[in-house]
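Let us walk through this structure together. Take a look at the chains below, and then we will start with one of them and move on to where chains meet.

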Amino acid sequence: MEALAHVNYWAAIALAMIGLYAIIAPSNLIKKLIGLGMFQSAIFLIYITAGKVEGGTAPIIDAAYEVYSNPLPHVLILTAIVVAVSTLAVGLALTVAIKRAYGTVEEDEIVEQDRR
Amino acid sequence: MIATHLPALQVALPLIAAPLCILLRRDRYAWAFTTLVCWGLLAVAALLLDRVMSEGPISYRLGGWAPPIGIEYRLDGVNAFVLLILAGTAALMMPYARQSVEREVAPERRHLFYAMFLLALTGLLGIVATGDAFNVYVFLEISSLASYVLIAQGRRRQALAASFQYLILGTIGASLILVGIGFLYAKTGTLNIADLGVRVHALGEAPAILAAFAFITVGVLIKLALFPFHVWLPNAYAYAPSMVSAFLAATATKVGAYLLLRFVFTVFGAPFAFGTLPLKEILLSLSLVAVLAGSLAAVFQTDLKRLLAFSSIGQIGYLGVGIGLASVTGVTGALVHVFNHALMKGGLFLAAGTIAYRLGTTDLSALNGLGRRMPFTMAAVVIGGLGLVGVPVTSGFVSKWYLVQGAFEEGLWPAALFVLLGSLIALAYVGRLVEAAYFRAAPADAEPVREAPWAMQLSTWALIAGSLYFGLHTELTVGIAERAAAALLGAP
Amino acid sequence: MTEHLVLRVISKLLVPPILLFALYVQMHGDYGPGGGFQAGVIFGAGLILYGLVFGAQAVQSVAPMRLLVTLACLGLLLYAGVGIASMIGGGSFLEYGALSADATHGNHVGIIIIEIGVGIAVASVMTIIFCVLAEWR
């Protein structure tokens, strides 16, 4: 039962592996970006759940509460989310440019065209 | 008053300059402004290194919050040295940038190009200057995102695909570093690198620390492009605009090497990484394969920029050998090689860019007889190439000398043998360049080629001459690197 | 999507509250949940919703690309400017307390200006990303 105590980590691992698979397996560039987003979200999940203190409330100071969750991981992940959004934007812009240059967003077709 | 704020200015200056560049709109103004900022950064870096060398480590409290709670910029011998390399190469390359960028980048995008260049520089300087582990991740992504955009500006469409591939791999690498930092934070409750060093040491072999070590090492190796993780590098360097290839080749992987040094020695500590865990065996074997495979692959390239990119993979292997030796001599060799390789490879990529500027191609067949038609540029290529081989008098000799010596000190003579073997293979690919340029006649129908513009020559020769100078006068580089290496290894 | 009457009417009704809510989140950010990044995203979402229904061209007539780019730069400069101002005030980079004789007051002023800078930059960058990708054929 001890393994189940860290269900959040299991969820993060599953999400990360699905994301990694989605980066590697499909040849569609958009799907790869979606996989990348899932992979990053899995890491955010590790941080956020690690910051939760059992019985703690949202970290807004109030006389009625004494135990708060750790706000620092939240702040860190807010920054990491901004980074992830920027990465996605750059990735999508590149995909649009690739579509214009090659006429396709399938990786195998791009490799095929470059080989010629 | 301003002297106390130098660590913050080192990172804040290019960050502020980037939006100003966009607001300037005219590409000439943007170029002039960027040049000014880069030389300013070089001055700041030189002042900082001087202060670190005379007074010891500098700590700067960002926002006035005391470390380890607040974010600290902490400069010691290692990162002050790397800051100087980054700012120096950027400053020396700026005279080159104007004509090269005018040739290779669309007019409406040029001021944005300089803004991106400054952001990439901000990120790289930030990674090195900061003493906060999460800041490392943020700056890493700033520099990486800017580099993806810069690489995608290449004239051929392959640049887009190369940039996309780098984006996927680079993001995975950075994410792995993020996981590692998360584990470290969960276990120790701190993000300050110096503080992490103390606390991780006290924890010993906790599983979370082992996992953090594995994640961070693999993530950094992807950024460093050490052998099995190098796939993004050749295309990215080959298809990026000349200026970007030169800048990234001279700086980006060097920052990866710095990160590896910082995490392995300062955070986890040498006894943990090399005693408890087999990092030495792994790093040395990967690096030696990188030296051989990278150099061998370079021999068979048909394009000058691709050849240089594969040679970079080999040269990164030398950095790995130095770090893997984990002795003062080895790490000194790695740090000196970071400096020397930045000069040599930066200069070589700039020379490749001037060839592209005049000929419109960097195909090796176009180099035939170029030694007589572009004598200065080809002379730079030859001197830089001899540096890659490690011929005495060039700076490449100095770093390899330390690596071989370090290997013998550890009794690892096969490693020394491999380093020398790598040099021999380097001789083969440099020999191909020499043969094409000097011993083959230009095709009869070749169009007349003039020597490249003087500003581009200036940058190229500044870097190449630097690599010669520091091959003869080793006191400065080796002196600083030895002190930095001793400080890294002496830390608990 | 211009022919869908329901979408057009509803989005016209929704856009003003979204923008207003963004301003609320913006100004609330120094004390409660909220802040420049969230506010910027919400403000950008309002403009993007408008753009999704009426076309990116319509957004451009409200906020031309040149204005958006200038605003994005100014937002970042506002942020960095606070850092420089606190250096001049005698503190270290981004030490807001140095902005005023009273450190608590300085902290308030500093964080509000910082958040406004972030909000402006994020809102304009979000809109830029949408417009550029939407018009890029």
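Chain C has 5 helices and 0 strands, where helices (H or I, at least four residues) and strands (E, at least two) are DSSP runs, numbered from the N terminus. Along the sequence, its pattern reads α-α-α-α-α.

Before going further, please note that this is a predicted model: local features need pLDDT of at least 70, side-chain atom pairs count only at pLDDT 80 or more, and totals for chains, interfaces and linings use all residues. Residues are numbered from 1 along each chain as its sequence is written, while chains are lettered from A and ligands numbered from 1 in the order in which they are written.

The C-alpha atoms of chain C fill a box of roughly 60 × 30 × 15 Å along the principal axes. Of its 137 residues, 42% count as buried (20 or more other C-beta atoms within 10 Å of a residue's own, with C-beta atoms placed from the backbone).

Now for the places where chains touch. Two residues are in contact if their C-beta atoms, placed from the backbone, lie within 7 Å.

| Chains | Residues in contact |
|---|---|
| B and A | 22 residues of chain B, 25 residues of chain A |
| C and B | 14 residues of chain C, 13 residues of chain B |

On the side of chain B that touches chain A, the elements giving two or more residues are α5 (133-151) and α6 (158-188) of chain B. Of these, α6(B) gives the most, with 14 residues.

Methods
Buried ≥ 20, exposed ≤ 12 C-beta atoms within 10 Å, placed from the backbone.
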